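Hi,

Here is the structure I promised to pass on. Have a look first, and then read my notes below.

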Amino acid sequence: MRLNNKGWGTMEMFLLTGGLLIALLVAIFFISKLYGSFNSTISNKNYFELETKLESAAKEYVRDNDIQIDGETRISYETLKEHNKIDNLYDQDNNSCTGYVTISRIDNINYYKGYISCPGYITDNY
């Protein structure tokens with residue numbers, strides 16, 4: 001009687017299983033790396049929102065007090081809070097933050113840039 005040797009053998013099955021296992025481990029590594037970057041993005045989004053909140057408060061402060069900007073001006077968080085333009089600044093860990101806004105006037109347009117300092121984060125060029 002003659003056997004048909006065109007099917008799967010034990011060695012082929014071990015090789016295929018090993019290959020699939022390696023591919024699974026690589027996929028798990030990249031998925032965990034991807035989710036780690038999502039947490040970082042969410043964290044930075046919170047700080048960006050705080051900077052934007054400062055900028056909005058400064059715009060309102062300049063508009064309500066009819067302040068004329070020549071060159072560059074800095075308005076502190078304390079000034080904005082003192083004039084009830086902004087509430088307390090807290091990051092996602094409920095830490096108190098501080099900061100300021102620089103206002104630059106270029107071609108009769110005011111440009112606002114918020115800078116914050118929190119225990120775990122400081123805006124570049126603070």
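Let's start on the surface: W8, M13, L16 and L20 form a nonpolar patch there, with about 480 Å² of accessible area together. Such patches take residues with over 30% relative accessible area and no salt bridge, joining nonpolar side chains (Val, Leu, Ile, Met, Phe, Trp, Tyr) within 5 Å and like charges within 9 Å. A salt bridge would be a Lys or Arg side-chain nitrogen within 4 Å of an Asp or Glu carboxyl oxygen, and the areas come from the Shrake-Rupley method with a 1.4 Å probe, with only the protein chains shown counting as cover for residues.

By the way, this is a predicted model: local features need pLDDT of at least 70, side-chain atom pairs count only at pLDDT 80 or more, and totals for chains, interfaces and linings use all residues. Residues are numbered from 1 along each chain as its sequence is written, and side-chain values use heavy atoms, leaving out hydrogens and water.

Back to W8: this residue is in the segment before α1 (10–64) and is exposed, at 65% relative accessible area. (Exposed is over 50%, buried under 20%, partly exposed in between; 1.4 Å probe, protein chains only.) Helices (H or I, at least four residues) and strands (E, at least two) are DSSP runs, numbered from the N terminus. The chain has 2 helices and 4 strands, in the order α-β-α-β-β-β.

There's also 1 disulfide (cysteine sulfur atoms within 2.5 Å), which joins C97 to C118. C97 sits in the loop between α2 (77–82) and β2 (98–106), and C118 in strand β3 (residues 109–118). C97 is buried, at 3%, and so is C118, at 6%.

Cheers
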